[in-house]
Amino acid sequence: MPEAPNPKPAGDNALKPLKSTLNLPQTAFPMKAGLPVNEPLRLKVWEESDLYAQIRRARAGCPRYILHDGPPYANGAIHLGHALNKTLKDFVVKTKTMAGFDAPYVPGWDCHGLPIEIKVDEQLGRKKLEMDPVAVRRVCRQYAQKYLDLQRSQFLRMGIFGRWAEPYSTMDPVYEARIAETFFHFFERGFVFKGLKPVSWCIHDRTALAEAEVEYESHTSPSVYVRYKLTSNPAAIVPELGAPSSTESGAPSMTASSSWVGDAPPNPIFTIIWTTTPWTLPASLAVAFHPEMEYVALATADATYIVAASLAAEVIAACKLTDATEIARFPGTALDRTTFAHPFLDRSILGTNATYVTDDTGTGAVHTAPAHGVDDFATGKRYDLPEVQYVDDSGRQMHTKRFGGGVAQSYEGLTVFKSNPVIIKLLKEKGALLATANLEHSYPHCWRCHKPVITRATEQWFIAMDTPMPAPDGAASTLRQRAIDEIKTVTWDPAWGQERITNMVTTRPDWCISRQRIWGVPIAVFLCGKCATPLRDPAINQRIVELFMKESADAWYIHTPEELLPAGTACKECGHTVFRKEMDILDVWFESGASSHAVLDFDPDVQQAPNDPDPRADLYAEGGDQHRGWFMSSLLCSIGMHNRAPFKSVATYGWTLDEKGRALSKSLGNFIDPVAIMDQLGGDIVRLWVASVDFREDVVASLPLLKRLAEEIYRKLRNTFRFLLGALSETDPSTGLTHDFDPRPMAEGGDAVPFEQMQPIDQYILARTADLTRKITDAYAAFEFHRVYHLLNEFLNSELSAFYLDVLKDRLYTYPIKFKPGNAEQESLYLARRSAQTAIYKTTDALARLTAPILSFTADEVYQSLPHTHGSVHLTLFPTPEDLILPGQEQLIEGFYSVLQMRVTVQKSLEEARISKLIGKSLEAQVILDLGDAALPQMKPVHEAFHHFKASLEELYNVSSVRFREEPGPQIPAASVYQAEAPKCERCWRHVPDVGQEEKYPTVCHRCAEALDAIDFPPYATNV
Ligand SMILES: [Zn+2]
Ligand SMILES: [Zn+2]
Ligand SMILES: [Zn+2]
């Protein structure tokens, strides 16, 4: 086979190298992304052109989609959980915007509350004692504002679009006023009461904690078995107990009042309680027994013990009652209204019945201190036990003289945990302690200081869950029932959220809304200075709301009741005219829950259209722990205000964990700072990570994973985009002028070839892009962002990079970039190249739009690198399949699939030929395809397809020639590879028979000769 000679200069006709006539890719879109440097520059452009406002104007009047932002807490820099939260929301807002909705985003911040106040306390130290509350609140406000500003700049850096210049914040005076207004709404309608109630209490922070502020951590408690001596008539429980323990003696029965008159005194009878909080024993007022459980009396040498039958064996073992024998059996109802002696105080203890008593641990006899347990408190109410509280705000045991029979007890003044050993010692001295051990168990801790919390009855403000309120149809209901009913009208994603929040609403206690702190919105109620009755006057409440709007909630701390109340205001109960202000503040969950009123009711940027019959927000989207947090408080506040849920749908995401399933933390060394990632790798890498995970599950993040995303996944996507863009410009070597592809139709002076005149491969890729568009927009609508991520990767890597762009190189690089008028062959080759560019342009444009919600920076860069685009990709809509392929034209490409399938077979045969050294490059091959017997009816469509696409096969398989063999044979489909016999074209490297036919260009094929002629390439001679 003759080697084609290299083109060389011939005489004076200086020959430009043929290579310079190849249309190799050219684009200003750099291979190296430089995201850490370039993203901030793009942000600046977005900011200067106020892109968010442009988007809002562009979508004005479109159907609205309201995502209401859950406010993050304004303390500290953002962490990866924040990044996940805001990016997911941004995905929603951007996809809805590009799907044609008017989708505003108004971010918010939660600014009041304990964590900030504690930080400020730490900063101020002793100085705080000399400051008035307003001054402390000022420092808290500055602290919150500092972190609001920091977090805002960090969210902006991530490319999150929104009304960042005017966010909502719970410390904004108007918002504070709306919180007060929401409270007054509950208050005036009788939902709010003040009462003694056991609440979770942090003795370190000296405050009540909401359920959401309590975390369970491991804690070691002393566990004690303590005996309480029966003081009522044992025979009244069961007759056998009235007899002496040695029943065979036939001794006379005994009554409680009579003393024993037989040979020996009867053994005393006790019940045994088990507790892990000995410090609550001074407050012990009762013992609870389950009415339906069976109890036994166990006789030992010197005492008889009453415990649950099912727990007897365990109690015998734990308390070493080795000689115990059962002498009686009776139901728990028999123990109701019995009496016992307190183990160390001079106090009678009441036997009670309660159904919450269980037989899984303990003794079946539950020590009951109404001040220190929710169940205990309920029992205390049912049995009318006195309401007492011995433990003060700091957790110290107080008043032990008053309640301990006139003498101060040895644990007086000790904090509860320090009093445990002292009380255990006391129990031992009094002979009441049967056993003690240490128990490591899951125990409630304060979310802030991580110290163990206690349950303590305190005077608090509550919203009663069972307050009557009518359903919208007027039927009788309650706040709790209304919440349960409204939950059913909401779409929960994932669906298990519905059951979770329903259970929480069903079982939750009344909402404790008061906190004993100062950084928040006060419960702005005036209390009668004489009888403490709250003043309930809507007109006065409205004045307070207006005052807060003007002066912020600081006003409550500045003005005296006399300044705030109209002259002559008198108590409705006692007529007294001096009032004091309630100084507790509202639970921060109430504040953020009030956003449905403070924001959605008043901010025109986050409201449904005025005529919309359903004014609820379309979506709340937060972490899965918010069912008991913000979703719950928002639901209750909205029902209180409007008797309906504030949202149509609620989406939740999982926790962010490392590859071993551990939470990310600085102490574990697996912490990931999203800001550092943006500085090192880019904001788009963080965004790509968010898209890559299924947010409904717990999501995994690690530094190696993020680096792999940047170095492998992102780089590949970028390089494919770069190749696409590079195919859309060409420089004419004869003029030196560069031409950018003009996407307008040829008929309108542009370069785009009409679909029906495009090459089959190009039609095929547009059909594939149309299919991708359909799938991606569907996935976006279902918030299946990880599906979008996989679809995009698959398409860019397999469909484009490994297939389409690979086979296209010959056409893009070697076909003529213009044609001489009247030269039909040049024109048709020229159109074939424009066909490829048309497909590339449309595909790149579609991909830039489809990628924009995720890779917000890169997609904008791609879009603006496309010739003839204007503005930002974020102002565009998603492509539709109809933009890419006209309806009814799908069948044009149907037969292409069988042709494409053969490509795999051909590539396999080519590979084998390369291994056996038959060929080097695949262009050195000619291929014979075995299509089988054309006469067989089932083979007819295949034959038709191959004949239809015959002209594209060489390009599709990247070989120099393809021929068919259509005869009966067993191997179908099969491809046979032979070494090409024809000479090699020096320009396109194909082996074709027409090389050297053109005298002007003797070393190239006919097709290349046309390409050279079209640009008036100087003729040359071979160096023969
Ligand atoms: Zn605490
Ligand atoms: Zn009064
Ligand atoms: Zn050629």
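**Zinc site and main pocket**

Along the chain, the donors of the zinc ion (ligand 3) are spaced as C-x2-C-x16-C-x2-C, donors being N, O and S atoms within 2.8 Å of the metal (3.2 Å for Na, K and Ca). Please keep in mind that this is a predicted model, where local features need pLDDT of at least 70 and side-chain atom pairs count only at pLDDT 80 or more, while totals for chains, interfaces and linings use all residues. Residues are numbered from 1 along each chain as its sequence is written, and ligands are numbered from 1 in the order in which they are written.

**The zinc site**

- Cys985, Cys988, Cys1005 and Cys1008 each coordinate the zinc ion (ligand 3) through SG, at 2.2 to 2.3 Å.
- The arrangement is tetrahedral because the four donor atoms subtend angles of 104 to 116 degrees (for four donors, all angles must lie between 85 and 135 degrees).
- Cys985 and Cys1005 both sit in the loop between strand E30 (974-979) and helix H33 (1006-1014), so the pair ties together parts that are 20 residues apart in sequence.
- Both Cys985 and Cys1005 are buried (under 20% relative accessible area, 1.4 Å probe, protein chains only).

**The largest pocket**

- The largest pocket holds about 2000 Å³ of space (a pocket is an open set of points on a 1 Å grid where a 1.4 Å probe fits, with protein on both sides within 12 Å along at least five of seven lines).
- Its lining has 50 residues (those with an atom within 4 Å of a point), and His79, His82, Asp625, Gln626 and Trp655 lie nearest the centre.
- Helix H3 gives the largest share of this lining, seven residues.

Key
Side-chain values use heavy atoms; hydrogens and water are left out. Four donors count as tetrahedral if all angles lie between 85 and 135 degrees; four count as square planar and six as octahedral if opposite donors are over 155 degrees apart and all others between 65 and 115; anything else is irregular. Helices (H or I, at least four residues) and strands (E, at least two) are DSSP runs, numbered from the N terminus. Buried means under 20% relative accessible area, exposed over 50%, partly exposed in between (1.4 Å probe, protein chains only). Grid points are joined across faces, edges and corners, and a volume is the space filled by probe spheres set on the points.
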